[in-house]
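Q: Please show me how to read the features of a structure such as this one, with the criteria behind each term.

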Amino acid sequence: MTTYIIRRLLWLIPVILVVGAVTFILMHNTPGGPWDTDAERRQVDESTRKSLEAFYGLDKPFWRQFVAYMIGDWNNKGEFVCGLPCGNFGPSYRQRGVPVQSILFRPPEDENGNPKPWYYSRFGYSLRLGILALTIAIAVGIPVGTIAALKQNTWVDYLSLLIATAGISVPNFVIAIFLIIIFASGLNWISVVPRSWDSLSVWILPATVLGFGTLAFTARLMRTSMLEVLRMDYIRTARAKGLSERVVVVVHMIKNALIPVITILGPALAGLVTGSFIIETMFAFPGMGRAYVQAISQRDYSMIMGTTLIYAVLVALANLSVDFIYVLVDPRIRLEE
Amino acid sequence: MRKLSVVLGLLVVASMVLAACGAPAATPETIVQTVIVEGTPQVQVVEVTPEPVKEEKPAVLRVNAGTYPDIIDPQKSSFVIEIGHLKLIYQGLTALNEKLETVPGAAESWKFNDDATQLVFTLKKDLKYSDGSVLNAKRFEYAFQRNIDPATAGEYASITDEIVGAPEWRSADTTAADYDPEAYKAKLGVKASHADGTDCVDYEDTACDTLTLTFSKPAPYFATIAGIWVGYPAKQENIEEGGDIWWTSSKYQVGNGPFIWQSVDPFVRSVFVPNPNFAGPAVPTYSIEYSYITDSAVAFEAYKNNEFDVVASMAEDLEAINADPDLAAQHMQWAGSCTFKIQFNLQPTWNDKPNPFTDKKVREAFALAFDAEGWVKDVDGGLSSPTWTWIPPGYPGYDPNSPLKFDPEAARAALAAASEEFNSPEKLNALGLKMAFGDTARNRVRSEWLVANYKKHLGVDIALDPVDTTTYTAIQKDPNTFPLLSRGGWCADYPDPQNWLSVYWRSDTTFASRPGYKNEEFDKLVNEADATIDPAKRMELYKQAQQILLADIPAAFGYNSLNHYLVKPWVKGIITTPQDGMFPGDTVPWTITIDTSMIP
């Protein structure tokens, strides 16, 4: 088991290198650069552009910029500046000079000037929202899918199909604005703009909207998987043995039906943590999804590299954790050499 | 049956909880009253329920600011949202009044020398930062030095290039072994001193009240530039202590503006409270809360829910606003700071083909065929204003006289009078005309409307060429890739015709050289105007220059932006200016009051 874990973690290194290289090449080959802001504004002049390029190392050869980011390089003063291995994601181009790791991982200060806990950082907010969204998706999606399978071709099944179809096909910004109008403007149960994100109640709506697509997909997948398991011989045997329906469903059916669902939950969590741009825009949520998308349009190279690599690591770690959950759910599965 | 019991049980619990969450009833009190009954005083004990005490609401202006600023650093910021934060915290040497006239800010007076190559500011007495520390001329000296320092690399660094030594320092090779920033600083035409010219001691020197700026050429407009954000006096020690992230902390952003940046919850809320040490016309009587909702539909809902006092209105909301008498009464609209145009590529060739816009008659045809009023109505929903001139209304130098106007018949006649290779729609269509634009939903609507407009009035086919927005900016920077037709514009940095004419259209500027505009007579006039001290003569020269520009028709002049906001009725005393950026009246925010008794 330990060897397996170490081997999987070591695989992260070539993954990061390849993802980093592809991202680096793509972003530098995209037309436009970080100084190409709104055309109706004063643009960066030649002297300033040279100063900026010297500061960010854009005047160095392409390969050297990549090595400087992924490993490190010597600056103009002859000092070695360690790159990614030291957790240095580089300085942001838009938030001039602020390290990307500060933008994503440094929490703001409280009223006394002391840093708040880590989960108040942009990454922390996105992680919490993603976990809550996934929890809602699992807590609702799995039971809905299970019940739909057990009550196949009844109104329960059709209702779950409706929810699943809506979740997959309706864009989440449409769902978001509808829910805001209903629960905030209409019923006044919550405010449209949260005063603070410290209470759990303000998280419910954005987490629900964010997780709705995953909930829908989970419900459909669970239903399909349950229908397959329902027809297995061992289920007929369990019933024939006189086991109660509750035991048959919970102990024998759900556990076996969960395997395909678990497969998608890992990458789903990674996607929920970083793919929340729409939710952050609609709810003014202080996460990192917006940073990711804005970085691309702003050509903020360091931010693009940093957030892409974080996403890659999250997906890899999520897939690794999925492998462990398999073992828990299905004793037949072993993490063999 | 069991399931029904569970459901019923849950309903009972829920109703108990909901009931418990109701507003607490007022508690009756026992009081003793003396009641006069026909001249005989009698003491009676009665029970009354007192009226609930109405809690006084704080005077807070809640504004939706939109996007959270990328950087709030006076010498590095360049976007409206960033400047909108800075001008609450700081004040420059000069300021603008409600007529956009340059008036005293931190400086009580200023004086040019005879040929406007030197400008001496005298600061107000006893200036203080919001934390009570001394604010003297040395702070402003540091601000201008920092703006020019190539290590800062601010996007507006070039705006102070008139200062002696500025262009040289900014273009210095900072990687050279012998680079010495102190040597460049010593040659810079920025000097803080006592009134008698002797050197200032340090930042605590209260007698250090004079700042002298020396220019490489006459700059009679520089008093206005001295008031913009690049000259805001952020504290050197705070910047050095905080490092690259100094600006993210309200602890380090100690300023001299009308407000103090009290707290910030990034991407959620910023709170500004009045600065009692503000040396402006008055200390504001309210606080400000900026929230950062980027989705206009959500902001509109929040406004209707009384969670905001001010939000920008969008064209999509106009129908709902106009249908509601209350919202309609709360809608404010006034002249903005931008002019937009359809820019023509004026380079000799385009895509290795003859460029039709080198022919003035073709330009005239396209300019006269642009239905500006139709654009305002159909594309902007009434949230802009048609124009046929360059400098917008409300700005010094505005001149409504223009040889251009919407006249499709004259447009077709102009096209027919063009040179042989361009004098018909068929000949232009054979060239394969294209219009580039940054691909957003709004720009797509604009571009499709324009293409249809030219098809209708000139019979010309123009292909749309959408590109990513950053790519769009990039292609406009290179004369070789500058689009044949493109929508563009300019928003005022400061209210002076120099910013509209010399900065934008003089042939050696990037804005003019990229599309290829060049007129020697125009250059001569604006150069002369830039160096003229007499204000009336200066304005006359700029007026003549603008007329030359309009007669050249380098673009189809277009439309002006309008500022449009929804404002709650308890926000009073607003005086708007075209230069307002974040909320109505933010140029002179001290006139605003909040009538808290009206807040529900």
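A: Two strands are said to pair if DSSP finds at least two bridges between them. Helices (H or I, at least four residues) and strands (E, at least two) are DSSP runs, numbered from the N terminus. This is a predicted model, in which local features need pLDDT of at least 70 and side-chain atom pairs count only at pLDDT 80 or more, while totals for chains, interfaces and linings use all residues. Residues are numbered from 1 along each chain as its sequence is written, and chains are lettered from A and ligands numbered from 1 in the order in which they are written.

Q: How many bridges join β6(B) to β7(B), and in which sense do the two strands run?
A: Strands of a sheet pair through backbone hydrogen bonds, either parallel or antiparallel. Here β6(B) and strand β7 (residues 118-123) of chain B run antiparallel and are joined by five bridges. One of the pairs across them is Ala107(B) with Leu123(B) in β7(B).

Q: What is the strand order of the open sheet in chain B that has antiparallel pairing?
A: The four strands follow the order β6-β7-β9-β8 (chain B). Because β6 (107-112) and β8 (190-193) of chain B stand at the edges with a single partner strand each, one side of each is left without a neighbour in the sheet. From one strand to the next the twist averages 20°, where angles run from 0 to 180 degrees between N-to-C directions and axes are lines fitted to C-alpha atoms, for helices over the stretch in contact.

Q: Which strands does helix α3(B) lie across?
A: Contact is the criterion to know here: two residues are in contact if their C-beta atoms, placed from the backbone, lie within 7 Å. Helix α3 (residues 137-148) of chain B lies across β7, β8 and β9 (210-214) of chain B, and its direction is at about 170° to β8(B).

Q: Why is strand β18(B) described as largely enclosed?
A: A residue is buried if 20 or more other C-beta atoms lie within 10 Å of its own, exposed if 12 or fewer, and partly exposed in between, with C-beta atoms placed from the backbone. In strand β18 (residues 434-438) of chain B, four of the five residues are buried, so the rest of the structure largely encloses it.

Q: What are the pairing partners of β18(B)?
A: β18(B) pairs in the parallel sense with strand β19 (residues 463-467) of chain B over five bridges, and Phe437(B) stands opposite Pro466(B) in β19(B). A parallel pairing over two bridges links β18(B) to strand β20 (residues 485-491) of chain B, where Ser486(B) is the bridge partner of Ala436(B). A crossover is right-handed if, with the strands pointing away from the viewer, the path from the first strand over the helix to the second runs clockwise. β18(B), helix α15 (residues 441-458) of chain B and β19(B) make such a right-handed β-α-β unit.

Q: Is helix α16(B) mostly covered or mostly open, and what covers its buried residues?
A: Helix α16 (residues 469-477) of chain B is mostly covered, with eight of its nine residues buried. Among them are Tyr472(B), Ala474(B) and Ile475(B). The cover includes α13 (289-298) of chain A as well as β18, β19 and β20 of chain B.

Q: At what angle do α6(A) and α9(A) cross?
A: Two packed helices are described by the angle between their axes and the distance between the axes. The axes of α6(A) and helix α9 (residues 201-230) of chain A cross at roughly 35° and come within 6 Å. The crossing is right-handed; a crossing is left-handed if the near helix is turned anticlockwise from the far one by less than a right angle, and right-handed if clockwise. The residues of this contact divide into 23 nonpolar, seven polar and two charged (Ala, Val, Leu, Ile, Met, Phe, Trp, Tyr, Cys and Pro count as nonpolar, Asp, Glu, Lys and Arg as charged, and the others, Gly among them, as polar).

Q: How many residues does each chain give to the contact between chain A and chain B?
A: Chain A gives 45 residues and chain B gives 51 residues. On the side of chain A that touches chain B, α3(A) supplies the largest share, six residues. That side divides into 18 nonpolar, 16 polar and 11 charged residues.
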